[in-house]
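Dear colleague,

I am handing over the structure below, and after it you will find my notes on what was found. Please read them with the model open beside you.

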Amino acid sequence: MSSITTFRRLNAIALFQTFAEERIAAGDPPKGLESTWAKQVEMSGATWSMAKSGARPIGDKLARQIEQHCGKEPGWLDVEREQTGLSPGEQQFLALALKVYRETNSDGRKRLKQALKTFQQ
């Protein structure tokens with residue numbers, strides 16, 4: 001069971017991801033979207049960076065602020081949510097991993113799996 005701190009961080013990241021996907025689909029360049037989103041929810045880029053990485057928990061005041069600016073009801077960030085599918089970035093990563101996996105021999109597949117396991121640690 002995860003804590004409210006984890007729920008808030010993951011839900012805030014999901015809100016940012018939705019924002020970024022919408023802006024990219026509208027033709028905005030990806031660069032600068034994090035700072036644009038941070039300004040939209042009235043926090044500094046540094047605060048967002050620390051919250052996103054888990055270095056700074058999202059407290060009650062900031063959670064309510066994010067919810068308000070994103071059109072969510074109070075407490076929305078505090079609830080564990082099911083993931084709603086793969087983001088475009090996740091889809092691209094999986095497609096690349098599958099392509100590499102399929103185009104290599106068994107030794108290459110073992111090395112790919114080991115690299116992912118090493119990265120995970």
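Leaving aside residues up to four places away in sequence, L77 touches F7, R8, N11, A12, L15, A63, I66 and E67, where contact means heavy atoms within 4.5 Å. Please keep in mind that this is a predicted model, in which local features need pLDDT of at least 70 and side-chain atom pairs count only at pLDDT 80 or more, while totals for chains, interfaces and linings use all residues. Residues are numbered from 1 along each chain as its sequence is written, and side-chain values use heavy atoms, with hydrogens and water left out.

Helices here are DSSP runs (H or I, at least four residues), numbered from the N terminus.

Helix α1 has 22 residues and reaches 31 Å from its first C-alpha to its last, close to the 32 Å expected at 1.5 Å a residue, the expected span being 1.5 Å times one less than the number of residues. Its buried residues are F7, R8, N11, A12, L15, F16, F19 and A20, and what covers them includes α2, α3 and α4; buried means under 20% relative accessible area, exposed over 50%, and partly exposed in between (1.4 Å probe, protein chains only). Just after α1, G27 takes a positive phi of about 105°.

The structure holds eight salt bridges, each defined as a side-chain nitrogen of Lys or Arg within 4 Å of a carboxyl oxygen of Asp or Glu. One of them joins R8 and D60 (2.6 Å, N to O), and because R8 lies in helix α1 and D60 in helix α4, the pair ties together parts that are 52 residues apart in sequence. R8 counts as buried, at 5% relative accessibility. Another joins R64 and E67, whose closest N and O atoms are 2.6 Å apart; both residues lie in helix α4, three residues apart, about one turn of the helix. Salt bridges that share partners join R8, D60, R64, E67 and D78 into one network.

Technical notes: Helices (H or I, at least four residues) and strands (E, at least two) are DSSP runs, numbered from the N terminus.
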